[in-house]
Amino acid sequence: MARPYNSPADSIVYDYLLPESIKPGSRDERMYYMGGMDRRAKEVITLIDHLSRPEISKEYAIDMKQVNLFGHSFGGGTCATVACRDKRVTSCVLLDSWMYPVPDADRVAGLKCPTLMVSSELWAFSKYQALFRKDLVERSSDVTVFNATIKGSDHLNFCDLHYMAHPELLRLITSFGTVDAYLHSEAKAQLVLRFFTAMSVGKSLLHTPGNDVQRLFKLCAFEFDDSSDSANEDMDAHGSIHGRITEKMFETLTELEQVSPRLVEFMTGNLVNESALSQSYDDEVYRSIVRILND
């Protein structure tokens, strides 16, 4: 909850619910949501400030050299906003993030840390969020940003509702897509865990060229083969230090829970570069987004 744009100073509202007084699709709608996003980002930065105080980080053994953020939907947009503002964030994972309310100043500034975006294919807003994600990737050229999509997934596949709700209830919910919800959840968990682990033991690897799914799989040690042509090309281009980083990373990641062949099959068949998905745009929503991105 937050007190977003143009709401009374003493009010507490749910900032993702649009008041009846604001017309959907209007400029005030985006201003309202951007106000909520700005407030959320400031709260996260205030928390980072608090945890960075020497007496706090020492008492609770907090390593503030590793500030890793991840969030879903509005929370993903919040993490993106913070990662555009605060250089203390060392890595970020955005799960089907709602990018529409990310304030323009932050979007233009770009991300300041390596980031993994994993998004749905079937969410009603997905193809429009893809425009904002593409714009943010292009503005974040100083860092590696993986921008992937899980085919057949929908917005609620990225939360844990399917573990808590009765199967009969889930059949009534239309935002779960066509993928196996449990395999999707396991794939999401492994990607987040392994991406953050890779950041802690081999962040320099992200300075090598390429931000596609194949590079992501290699980074997370789902596929690792030093004898492959691509690995040899990496060695030729970047020297032996790249090989040492990769080896160290692989040794660390293999200590994690082993990934089942079924999960690897699911990921290799469903995790794709978002740019590989074809979308058709010819409506007023598309034109309004283009105007926002070009302003």
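Two strands count as paired if DSSP finds at least two bridges between them. Keep that in mind for the close-ups below, which come from a predicted model.

**View 1. The whole chain, for orientation.** We're looking at 13 helices and five strands. Of the 295 residues, 47% are buried. The chain exposes about 15,300 Å², with carbon and sulfur atoms supplying 53% of that area. Among contacts with a separation of 6 or more, 70% link residues 24 or more positions apart.

**View 2. Strand β3 is largely enclosed.** Here's β3, residues 115-120: six of its six residues are buried, so the rest of the structure largely encloses the strand. In a regular strand, side chains alternate between the two faces of the sheet. In β3, T115, M117 and S119 point one way, while L116, V118 and S120 point the other way.

**View 3. β3 beside β2.** Strand β2 (residues 91-95) pairs with β3 in the parallel sense, over four bridges. Look for L95, which stands opposite V118 of β3. To get from β2 to β3, the chain goes through helix α4 (residues 104-109), making a right-handed β-α-β crossover.

**View 4. β3 beside β4.** Strand β4 covers residues 145-150 and also pairs with β3 in the parallel sense, this time over six bridges. Zoom in on M117 and you'll find N147 of β4 opposite.

Conventions:
Residues numbered from 1 in each chain as written. Predicted model: local features only at pLDDT ≥ 70, side-chain atom pairs only at ≥ 80, totals over all residues. Heavy atoms only, no water. Helix = DSSP H or I, 4+ residues; strand = E, 2+ residues; numbered from the N terminus. Buried < 20%, exposed > 50% of the residue type's maximum accessible area, 1.4 Å probe, protein only. Contact = heavy atoms within 4.5 Å. Areas by Shrake-Rupley, 256 points an atom, 1.4 Å probe, with all protein chains shown as cover. Right-handed = clockwise from strand over helix to strand, strands pointing away.
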